Each structure stands twice: as structure tokens, then as C-alpha cells.
Amino acid sequence: MFVYRGSTALITGASKGLGKVFAETLAARGMDLVLVARSGDALRALAQDLTARYSVQCVPPSADLANPCAAIQIGEELEHRGIQVERGKGGIINLASNASFQPLPYMGTYAATKAFVLFFSEALQYELAGTGVHVMAACPGPTATSFFDGVSTEVSPKDMDSSESVVEKTLKAFDRRKAVAYPGRTSVRAATWLSRFVPRTLAVRLAAMATGKMGLQG
Ligand SMILES: NC(=O)c1ccc[n+]([C@@H]2O[C@H](COP(=O)([O-])OP(=O)(O)OC[C@H]3O[C@@H](n4cnc5c(N)ncnc54)[C@H](OP(=O)(O)O)[C@@H]3O)[C@@H](O)[C@H]2O)c1
């Protein structure tokens, strides 16, 4: 099992949603944190809170990761502060989705990017085997975060998993050195099998029915 206490995790999207719950959970396990998102005030407040509660070191560099220079700037800042994230040990958890497994009409670009995240992570996991760095893609289903804010969707709260449960199951899968984590409920996992067993055209039609039911067809 990975030794969390005393190691450093860099969390992107740490100001809210799943990233914030990852930050709280990893701080509780004794990890020092680098918290990245655009909302500087929220990051600083979270860093203060976690330092006070768990006596861990939290650095909150705010950055817009859509800016191609952002990763380099964060790397330079960490080097300047003498902070090292996981060299030769630990791992990388990439947030893919249950949308990674089939084309998703009305969320076409999103599902395609999530297929990229899944395939890229699985390939990287293979390439880095034996280096001490474990790569894992997590594939949650609908989760109660601000993800759906501002979108006219009809997903009922009872059909969503909590961020806490998704994060707990994701870290459990990471500890078991899984290449892919399925931290959603059983029906979410079952839906990812669909594209393996039905013709691709039917998989797209069924996916369109699901996003249509969510009210996403505009
Ligand atoms: N919630 C779901 O149903 C669900 C399901 C499957 C997969 N996922 C995946 O899980 C991940 C987290 O989603 P979430 O549900 O936690 O969403 P969320 O509550 O909306 O949080 C998104 C986080 O990303 C940060 N962010 C957004 N754009 C950014 C940018 N350009 N630069 C830096 N930070 C940025 C936001 O902070 P700022 O606004 O402060 O920058 C925020 O901290 C995403 O990859 C999502 O696709 C979510």
C-alpha cells in the first residue's frame, strides 16, 4: 500500500467538487498538498483549513490550466520552494469517466476527451510499470458536485454518487494497484460493459437515449 503520510500530492481542480474531497481525504492521511485551480481565494482558504486540521503543508498556486504555460510555471514554483511531487514512487490518478467507454451524443466532445484520458492513462500505466510510479484512470458516473451547475439537466440527486464515496473507492482501487477504477454504483459499472456486447451503432443510440433522458439534447 502506498505510504501517504509525509508524501506530497498535487491536485488539480482542488477548489471544489472531487478535487476538494481528494484534498481533504489525502490531508487526513497525512499528505502534504499542492492545490491547483483558478479560484485563488478558495484554494487559500482550503489550504489554511487543512493545515490547521491536519498539520500538513499546503501550497495553493492558482492557475488556469487551459494556459499552455501553466504547468511549466507551477513546476518552476515548486522547484523554487524545494517541493518534490512523487519522483520514483507514488502515482498519478487521472479522472476519466463512465463517458469514456462509448460516444455520447449531446456530450460528444466531453466523452471523446474522456476516452482520451482513459486510453492515455492505460498506456502510460503499462509504460511506467516497474518505475515505482503507478498510473490509474478513475471512471466515476454522475457524482454530486458543481459539475452540472448551469446545465439544464434532469439528473436526480438520488441517481448521483457522493464525492466522498467516489474518492474513497478511487483511493482503495489505487492502493490495490488497479489500472482503472470504477468508483460509481453497480449500474454505472454495468453501463460501461454495453459497448463491448452490442453493435457500435446500437451503443450510440442507447447512449443518446441516456443523455436525452438527462435533458441534454437542447
Ligand atoms: N461530477 C461528475 O458527475 C463527474 C463524473 C465523471 C467524471 N468527472 C470528472 O471529475 C473531474 C472533476 O469534476 P467535478 O465533478 O469535481 O467538477 P467541479 O465540481 O466542477 O470542479 C471542477 C474543478 O476544476 C477546476 N477547474 C476548472 N477549469 C479549470 C482551469 N481551466 N484551470 C484550473 N482549474 C480548473 C475548478 O476550479 P476553478 O473554477 O477554481 O478553476 C474546480 O476546482 C472532471 O475531470 C470531471 O470530468 C466528474
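E86 is placed in the loop between α3 (70-81) and β4 (91-95), where helices (H or I, at least four residues) and strands (E, at least two) are DSSP runs numbered from the N terminus. The structure is a predicted model, in which local features need pLDDT of at least 70 and side-chain atom pairs count only at pLDDT 80 or more, while totals for chains, interfaces and linings use all residues. Residues are numbered from 1 along each chain as its sequence is written, and side-chain values use heavy atoms, with hydrogens and water left out.

Phi of E86 is near 45°, a positive value in a residue other than glycine. With a relative accessibility of 24%, E86 counts as partly exposed; buried denotes under 20% relative accessible area, exposed over 50%, and partly exposed in between (1.4 Å probe, protein chains only). The loop between α3 and β4 also holds G88. Neighbours within four places in sequence aside, G88 is in contact with T131, G132 and V133, contact meaning heavy atoms within 4.5 Å. Between the C-alpha atoms of G88 and G184, 96 residues apart along the chain, the separation is 30 Å.

A positive phi, near 55°, is also found at S55, a residue other than glycine. S55 belongs to the loop between α2 (40-54) and β3 (58-59) and counts as exposed because its relative accessibility is 66%.

D32 lies in strand β2 (residues 32-36). This residue is buried yet has no salt bridge, a salt bridge being a side-chain nitrogen of Lys or Arg within 4 Å of a carboxyl oxygen of Asp or Glu. The nearest side chain of opposite charge, that of R5, is 8.4 Å away from D32; Lys and Arg count as positive and Asp and Glu as negative, whereas His and the chain ends are not counted. Residues up to four places away in sequence not being counted, D32 touches G6, S7, T8, A9, V56 and Q57.

The ligand is surrounded by 26 residues, of which L18, R38, S39, Y110 and T145 are the closest; a residue is near a molecule if one of its heavy atoms lies within 4 Å of it. At least two residues of this shell are supplied by each of α1 (17-28) and α4 (108-127). An oxygen atom of the ligand is 2.8 Å from an N or O atom in the side chain of S15, and a nitrogen atom of the ligand is 2.8 Å from a polar backbone atom of L65. Taken alone, the ligand exposes 880 Å², of which the protein buries 81%; accessible areas come from the Shrake-Rupley method with a 1.4 Å probe, and for residues only the protein chains shown count as cover.

Conventions. A polar contact is a pair of N or O atoms within 3.5 Å; within protein, one must be able to donate a hydrogen and the other to accept it, and residues adjacent in sequence count only if both atoms are side-chain atoms.
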